[in-house]
Amino acid sequence: MEKILIIGGNAAGLTAASRAKRIDPRLSVTVLEKGPHISYSTCGIPYFLAKMVTAEDLISYTPDSFQKERGIVVHHHTRVDEISPSRKRVLATRTDTGERAEFSYERLLISTGVKPHLPEIPGTGLENVFTIVNLEDAIRINEALANVERVSIIGAGYVGLEMAECLRALGKNVHLYERRPHVLPGMDADMAQIIEYELQRFGVRLSLSAKVLALTGSGGRVSGVKAASGLGIDPAEVVVLDTGVVPHVELARDAGIQIGVTGAISVNAYMETNVPSIFAAGNCAETFCAIRRRPVLNTIGTVAAKQGRVAGENMAAGRTKFLGALGTTVVKVFDLAAARTGLCTEDAAAERINVVSARIEALDRTSYYPGARKIWVKLIADRESRKLLGAQVAGYGEASKRIDVAATAITSGMRVEELAQLDLAYSPPYGSLWDPLLIAAQTVLRRMSMC
């Protein structure tokens with residue numbers, strides 16, 4: 001019986017385990033997870049903190065239920081300390097008992113995820129300063145929020161924006177700091193300003209181009225945030241750091257596995273590393289960008305799951321390729337939806353691509369139908385090839401439908417002329433005669449014709 005061993009018990013790891021076992025039930029599949037939980041929704045953490053769901057609601061499987069339903073053994077509380085490729089062995093420690101263990105494998109998957117990237121400022125080690133990477137982090141934050149009023153969030157990425165909403169839902173005073181000139185990297189400034197308006201409309205204090213110098217404390221507990229643009233110290237009883245993550249690659253590096261230029265584990269299209277019989281998938285591995293045609297960092301759960309599926313098939317003797325990703329995301333910010341896919345204007349400039357872009361404002365359905373809501377759509381296209389490179393949608397109407405159509409158009413290599421004539425569904429309750437996506441494409445075409 002061939003042994004498949006997987007390090008990491010969430011999106012990529014468990015998807016790979018399930019896929020390999022489904023393809024070949026004869027395989028012995030074992031998962032090692034250092035934490036107490038497996039198979040939980042990291043994306044659902046803000047809704048747990050907002051008291052909309054319980055922590056148990058976020059957990060799809062326990063180790064016991066996963067083994068019972070899938071026939072896959074899971075060892076939680078098991079930290080991997082060393083990979084020995086020459087012996088095809090993994091050395092681990094039980095974090096709850098200190099007991100050492102050794103596991104053998106024929107094929108190994110590394111899906112160790114990411115770890116927080118802490119800002120290089122004083123005070124990050126104070127009590128009530130948190131990062132959010134896993135469910136245990138969320139449980140600790142939930143306990144700390146019980147008796148506080150003022151919360152500061154450093155960083156206005158996806159986590160920071162979702163946290164701002166959930167904390168306001170709890171009645172907290174929220175101060176959101178972002179070092180860049182606008183929120184949500186990956187969105188252009190003219191789209192991000194729509195999100196910024198929504199944050200302020202719901203009472204979030206927003207500081208942009210804010211350089212945080214230090215977190216201050218009293219008695220070992222955080223009490224304030226000192227920013228370069230401020231005249232003093234802003235009080236804070238809890239601070240949440242959304243300052244990015246880095247791939248967790250130390251195990252792989254120590255085992256002689258190649259680390260790519262992005263800082264993540266280098267893999268080919270089959271999710272294979274440079275070491276025979278060792279695969280990598282998820283946030284610790286590089287992701288092939290379907291537009292740039294080279295590896296990039298990607299920390300999106302849907303991409304991790306797809307990589308895990310490919311790795312699982314190939315560990316079960318398949319030869320499936322991972323075809324790449326675009327970075328398609330959508331985030332809820334109070335009443336607003338904000339979505340993006342492909343390259344933003346800044347990305348295109350970094351790639352030295354000459355682009356034409358256009359932003360339009362429209363209703364998400366026929367104006368006379370009750371409930372029509374405003375959305376903004378921005379498209380970015382290559383001036384030379386006329387292919388769609390990126391799309392952004394923000395507004396109070398249906399955003400995810402439009403961004404998914406745009407992601408499909410980019411994936412298929414569609415030119416703007418083709419996008420402008422897509423045959424999309426129409427009925428007054430669901431859309432308009434000319435969908436906002438088509439209107440944006442027509443606007444890009446007009447701008448192209450004027451150049």
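**Labels and the values behind them**

Mentor: Let's start with serine 277: at 24% relative accessibility it counts as partly exposed, because that class lies between the under 20% of buried and the over 50% of exposed. Keep in mind that this is a predicted model.

Trainee: Where does serine 277 lie, and what is its phi?

Mentor: Serine 277 lies in the loop between α7 (250–254) and β18 (278–280). Its phi is near 75°, a positive value in a residue other than glycine.

Trainee: Why does lysine 51 count as exposed?

Mentor: Its relative accessibility is 54%, and exposed means over 50%. So lysine 51 goes into the exposed class.

Trainee: On to the rings. How many aromatic pairs does a search of the whole structure find?

Mentor: The search finds 2 aromatic pairs. In one of them, tyrosine 61 and phenylalanine 66 have ring centres 5.3 Å apart and planes at 80°.

Trainee: Why is the pair of tyrosine 61 and phenylalanine 66 called edge-to-face?

Mentor: Two numbers decide, because a pair of aromatic rings is described by the distance of the centres and the angle of the planes. Centres have to lie within 6.5 Å, and planes over 60 degrees apart count as edge-to-face. With 5.3 Å and 80°, tyrosine 61 and phenylalanine 66 are therefore an edge-to-face pair.

Trainee: Are those two residues buried or exposed?

Mentor: Tyrosine 61 has 17% relative accessibility, so it counts as buried. Phenylalanine 66 is at 2% and counts as buried as well. The cut-off for buried is under 20%.

Trainee: And what makes phenylalanine 202 and phenylalanine 334 a stacked pair?

Mentor: Their ring centres are 4.4 Å apart and their planes at 5°. Planes under 30 degrees apart count as stacked, so this pair is stacked.

Trainee: How do you know that this pair links distant parts of the chain?

Mentor: Look at the numbering: the two residues are 132 residues apart. Phenylalanine 202 is in the loop between α6 (189–201) and β12 (205–207), while phenylalanine 334 is in the loop between β21 (329–333) and β22 (336–342).

Trainee: Which accessibility classes do they get?

Mentor: Phenylalanine 202, at 28% relative accessibility, counts as partly exposed. Phenylalanine 334, at 7%, counts as buried.

Trainee: Now the strands. What makes β1 mostly covered?

Mentor: Strand β1 (residues 3–7) has 4 of its 5 residues buried.

Trainee: How do you know that β1 pairs with β2?

Mentor: Two strands pair if there are at least two bridges between them, and 5 bridges join β1 to strand β2 (residues 28–32). They run parallel, with lysine 3 standing opposite serine 28 in β2. Together with helix α1 (residues 11–23), β1 and β2 make a right-handed β-α-β unit. β1 also pairs with strand β7 (residues 107–110) in the parallel sense, over 4 bridges; there leucine 5 stands opposite leucine 108.

Trainee: What about β10: which strands does it pair with?

Mentor: β10 (residues 150–154) pairs with β11 (residues 173–177) in the parallel sense over 5 bridges, where valine 151 has valine 174 as its bridge partner. The chain crosses from β10 through helix α5 (residues 158–169) to β11, and that β-α-β crossover is right-handed. Another 4 bridges join β10 to β16 (residues 238–241), also running parallel, and isoleucine 153 has valine 240 as its partner there.

Trainee: Last one: how many helices and strands does the chain have, and why is it called as compact as a globular protein of that length?

Mentor: The chain has 12 helices and 25 strands. Its radius of gyration is 23 Å, close to the 22 Å that the globule rule gives for 451 residues, so the description holds. Buried residues make up 51% of the 451.

Definitions and conventions: Residues are numbered from 1 along each chain as its sequence is written. This is a predicted model: local features need pLDDT of at least 70, side-chain atom pairs count only at pLDDT 80 or more; totals for chains, interfaces and linings use all residues. Side-chain values use heavy atoms; hydrogens and water are left out. Buried means under 20% relative accessible area, exposed over 50%, partly exposed in between (1.4 Å probe, protein chains only). A crossover is right-handed if, with the strands pointing away from the viewer, the path from the first strand over the helix to the second runs clockwise. The radius of gyration is taken over C-alpha atoms; the globule rule is 2.2 Å times the number of residues to the power 0.38. Rings of Phe, Tyr and Trp (its six-membered ring) pair if their centres lie within 6.5 Å; planes under 30 degrees apart count as stacked, over 60 as edge-to-face and the rest as tilted.
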